[in-house]
Amino acid sequence: MSLPSVKDYSLLEKIGVGSYATVYKAFKKGGSKEVVAIKCVDKSGLSKSAIENLITEINLLKILKHEHIVEMKDFFWDEGHIYIVMEYCDAGDLSSFIRRKNKLPENVCRKFLQQLALALKYLRGHNVCHMDLKPQNLLLAKRPHLTLKVGDFGFAQYLSSSEQKFAIRGSPLYMAPEILLRQKYDARVDLWSVGIIMYECLFGRAPYSSSSFQELADKIKSQRPIQLPKGARVSPECKDLLLSLLKHDPTRRISFEGFFEHEFLDLAHAPTKENYEKAATLVQSAVKMDAVGNRKEAFHLYCDALRYFIPLLTSEADPQRKEALRLHVNDYIRRAEQLKRACLDDDEVEKSGESSTSRNSGNGPLPRRTESLECGASLGYNDLRTLGKSTPAMVDGLEIGEVAEEYLAEGNYTLALEKFKSCLGILVPLLGKEPPGRRRDLLYGQVQQWMKEAESCKGLLATREIEETVQRPSDSHDQCSLQ
């Protein structure tokens, strides 16, 4: 079957078919030979609603310019067709990627979701609701690295977080319950779709997979709870985000702000130009603190910088820039570890408050506490322990914090972070109820210090990604080095 003729373009092959449009891979005639995708819409088959959707799509794509949104390059028409010339994504779509892999590792899922979240954050800034988010509409480009781009804005509309609609839009399997049940809905419908996409990435299938629309509708109407597959293992942060997105009641569903700020996504440290500048500034501050002998502050600053640098390193596609950045990052990791050891050596004291002379008296080792990487803090901490004896929960929280410090000293950052979270989960609520006084001041200082150390653990844990991703070939079709 011969391909249609399109002005200024040579069509190469058919790459997609919809209800009223066909998409072709093509290249522009003339000098550049740029490869594009052309959506050819048959005007004779358009209903009134389809025309409205098409006009909305074109008008939106004129405005929306973002690295994680498929770019519209041109549009024109003739007697029989309307043509939308789009950026060509050479790695297919997320649906085919999931099928090839069966299911995706949590860290790969996180990076795809980061990219999707960056696009959604941009769309929310323009009050745009996509209305048809699904893996088939999330396209992938291989160059310069595997990058997700949101496409197909045929159902999109301007919709604020508070504005409500009734019209049914989207694909049933990814459609929010409030749409399927013909209830009022708002922009939060996109968040349900993100939850279904996330579930499918992690487990290889949608949570409400059904053989018919009626079966799907029955499951939605019964508000059958979303459950993880038996034997599934995901991190607590991953599970929390997934189940927060998949709330049947939109008023209980996570908000856009909560989604963008969620710990699992860690969007604040996504590999962007702005975050590179933040990382460089943090390193400069770390070097200054190091130079004046403030080793504790230098340690925390290096760890903060690593949380930005590691995603930048793992996403860098240029081999020379990647190698240069890797050498710098390795230097920062080494210096952070040196500073950690130096501070711990400086600040070792006994839990019991015994003198160093007693420690070395030959009576055997006594319990000790590594002092929060904070020089001179032992006296205040011992006072806090004494003052806190009347509050069992405070004693428990402080003991867990000490265990966290020991794990940090040993380099077991995963367990250290887990324990820091546990102790802060006890101490922060206590701090909120504590009346003014010395005990409150001491508790506040300790909570602040352990918060810093928890963040530093995250920075040191991020360095594990270097071993996992930096050596992967950047030109593989199925590679998971995502920006």
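1. Strands E2 (21-28) and E3 (35-42) form a hairpin with 6 residues between them, and Gly-30 in its turn has a positive phi of about 105 degrees. Strands and helices here are DSSP runs numbered from the N terminus, with at least two residues (E) for a strand and at least four (H or I) for a helix. The model is a predicted one, in which local features need pLDDT of at least 70 and side-chain atom pairs count only at pLDDT 80 or more, while totals for chains, interfaces and linings use all residues. Residues are numbered from 1 along each chain as its sequence is written, and side-chain values use heavy atoms, with hydrogens and water left out.

2. Buried means a relative accessible area under 20%, exposed means over 50%, and partly exposed lies in between (1.4 Å probe, protein chains only).

3. E1 gives the largest share, 3 residues. There are 29 lining residues, and Gly-16, Val-23, Gln-136, Asn-137 and Asp-152 lie nearest the centre of the pocket. On a 1 Å grid over the protein atoms alone, a pocket is an open set of points with protein on both sides within 12 Å along at least five of seven lines, a cavity is a set where a 1.4 Å probe fits but cannot get out, and lining residues have an atom within 4 Å of a point. Points are joined across faces, edges and corners, and a volume is the space filled by probe spheres set on them.

4. By class, the lining of this pocket has 12 nonpolar, 10 polar and 7 charged residues. Nonpolar covers Ala, Val, Leu, Ile, Met, Phe, Trp, Tyr, Cys and Pro, charged covers Asp, Glu, Lys and Arg, and the others, Gly among them, are polar.

5. The structure also holds 2 cavities of 30 Å³ or more, and the largest cavity has a volume of about 60 Å³. Its lining has 13 residues, with Met-131, Tyr-174, Met-175, Ala-176 and Ser-193 closest to the centre. Helix H5 (residues 189-203) provides the largest share of this lining, 3 residues.

6. Leu-104 lies in the loop between helices H2 (94-101) and H3 (106-125), and is buried, with a relative accessible area of 5%. Leaving aside residues up to four places away in sequence, Leu-104 touches Leu-94, Phe-97, Ile-98, Phe-112, Cys-201 and Leu-202, a contact being heavy atoms within 4.5 Å. The C-alpha atoms of Leu-104 and Met-198 are 9.7 Å apart, although 94 residues separate the two along the chain.

7. For the chain as a whole, there are 17 helices and 11 strands, and 49% of the 483 residues count as buried.

Notes
Pairing = 2+ DSSP bridges.
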